[in-house]
Amino acid sequence: ALMLLFVKTLMVGLARDTYNCPLPKQDCTSLAALKLDGNLSFSSTADAARDFGNMRHDYPAAVLYPASVGDISAVVRTVYASSSNVTIAAKGPGHSIHGQAQALHGIVIEMSALRGIEVFPGAFGVPPYVDARGGELWIDVLRATLKAGLAPRSLTDYLYLSVGGTLSNAGVSGQAFRYGPQISNVIELEVVTGKGDISTCSPFQNADLFFAVLGGLGQFAIITRARIILEPAPHKVQWIRALYSDFKIFTRDQEVLMSQAKGKSFDYIEGSVIVNSKDRHGWKSVPFQGQNINATLIPDSAGPVLYCLELTKNYFDHEVDTIDKEVDALLEPLGHLPSVVFKKDAPYLDFLDRVHMSEERLRKLGLWDVPHPWMNLFIPKSKIVEFDAWAFKHYLRDGVNGPLLVYPLDRMKWDSRMSAVTPNEDIFYLVGLLRYASPSLVPSVESLKNQNKEVINFCQANGIGYKQYLPHYSTQEEWARHFGVHWTKFVERKFMFDPKAILSPGQRVFSRIK
Ligand code: FAD
């Protein structure tokens, strides 16, 4: 009798789940038959319809909280076998801008449900690495590796991003000039393809899948584990900001610094454009807390904007007596405005986690969960002065309502077999318009988006040879233009690894094939 009761309860449970399931009937029936370690939920889908951009909200029909790689494989395999139009998006913390991690009426996989970080400190000639699950945040990966005195070599400015999310794009910051983007620092992946196959891949095993996935916008497979190269973690950094009024001197210095050998140069090189004024987006934002800027040092000849070079030099505790001298010698030849240079020491983790501190401040001010019409571009070195003259000095001279980043990257540190695309020059600049629309809606989201469009129009009309980073397009013609000569390969790989176009529908590259 007990057995009968158990079977009845189970059947009622299954029937209820199937009944609540808003997916097509055939999918509900086959999904209900799966024995999952985790949980497939048809309620509380609101979080999966939200992202940092806060401009698009596509509600999925279901959210999978996987407790094993097998769960992910089983769900993808089931959807692959179906003739419905259901799609699946792997989702990290959803720091996309335009709904890239959303799946309208489909299934979102909450990758954070599957945890796991294992540090291998290196032995027998094998260099150190960390194995991290795709949904792990970089901050947690970093904290785990620091316990072993190690750190990933190339991180993003903000660390509350997921491993799978940044590896699907590139993952750049001021360390990328030396080590390349995060996708250049992965030696092995475990993935689930669009057919539901679990595969381990590397440059030596299933290499085409490996390179397709890196920078692949989630189009080919779901990253369930990444093996990431580590290096000894410095204890501290000397953190420097220096102000420039001349763009050519600013970029010349950035390029000279990035060409210098490791150990003989800085370890982090970024830069930003600031309005030449004393408002909050102006030069008052350059000194570190507790330091002051002497405005009389800014020459009358300076234009509407100024440029801030941001650098760090890593050091270990035993180098504390020599670091000042070393940094002064490195700064000495630079052409920043005399005396407008600010320095401070910070523990390595505090420096790397600095954006999180801004996040906490902005959250308190109610300025974090607002719309973010961000746009990031890669601009080739040969066009950056022309871009500065029109965009920074003219069109965006009043600022972008948020940070405006500009720093150089080295194409030699990117592997052209990967899916990520860059401009066709050895050096190109990341230009990040990291804007937010304030709750008062002045400036409005629409006006900020229109500004982005104008910047693109300028680039197209003047042959700037740009690429969008974290690209956002809505037609296949635009995607074909974005990938250029790599488009055919991108399509071939899609056909091979996700032939029914099930994965990452929010990128709007392909439509689901039934
Ligand atoms: P999501 O937004 O959740 O997903 C992004 C895309 O990847 C989606 O298409 C999704 O389907 C896919 N995806 C997610 N997980 C997986 C997986 N496991 N396998 C396969 N596909 C997957 N970028 C930089 O390069 N450098 C920076 O310094 C930087 N700073 C940032 C700071 C802030 C405050 C924010 C909001 C973003 C920043 N970014 C930066 C952008 C960031 O790299 C992207 O938002 C990226 O998408 C990672 O975010 P996420 O982990 O939340 O991914």
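Which residue in E4 does Ile88 stand opposite?

Author: In this predicted model, the residue of E4 that stands opposite Ile88 is Ile107. The two strands concerned, E3 and strand E4 (residues 107-110), pair in the parallel sense over 4 bridges. In general, strands of a sheet pair through backbone hydrogen bonds, either parallel or antiparallel.

The pair belongs to an open sheet of 4 strands, arranged in the order E1-E2-E4-E3 with mixed pairing. At the edges stand strand E1 (39-41) and E3, each of which pairs on one side only. Neighbouring strands of this sheet are turned against each other by 20° on average, with direction ignored. Helix H3 (residues 69-81) packs on the sheet, where H3 touches strand E2 (62-65), E3 and E4. The direction of H3 makes about 170° with that of E4.

In total, 36 residues surround the ligand, and the closest are Gly92, Gly134, Gly164, Gly165 and Gly218. Sorted by class, this shell has 14 nonpolar, 19 polar and 3 charged residues. Both domain 1 (2-113) and domain 2 (117-233) give residues to the shell, so the ligand lies between them.

Strand E8 (residues 186-193) pairs with E10 in the antiparallel sense over 7 bridges, and the bridge partner of Val191 in E10 is Ile223. E8 also pairs with strand E9 (residues 198-201), in the antiparallel sense over 4 bridges; here Val192 stands opposite Ile198 in E9. E8 and E9 form a hairpin with 4 residues between them, and in its turn Gly196 has a positive phi of about 95°.

The protein averages a pLDDT of 94, and 96% of the residues score at least 70. Over residues 8-17, however, the pLDDT is below 50, and this stretch has 2 contacts in the model beyond near neighbours in sequence. The model as a whole scores ipTM 0.99 and pTM 0.95.

Key. Residues are numbered from 1 along each chain as its sequence is written. This is a predicted model: local features need pLDDT of at least 70, side-chain atom pairs count only at pLDDT 80 or more; totals for chains, interfaces and linings use all residues. A residue is near a molecule or strand if its C-beta atom, placed from the backbone, lies within 6 Å of it. Ala, Val, Leu, Ile, Met, Phe, Trp, Tyr, Cys and Pro count as nonpolar, Asp, Glu, Lys and Arg as charged, and the others, Gly among them, as polar. Domain bounds come from an automatic or database domain assignment. pLDDT is the predictor's confidence in each residue, from 0 to 100. Two residues are in contact if their C-beta atoms, placed from the backbone, lie within 7 Å. Two strands pair if DSSP finds at least two bridges between them. Axes are lines fitted to C-alpha atoms, for helices over the stretch in contact, and angles run from 0 to 180 degrees between N-to-C directions.
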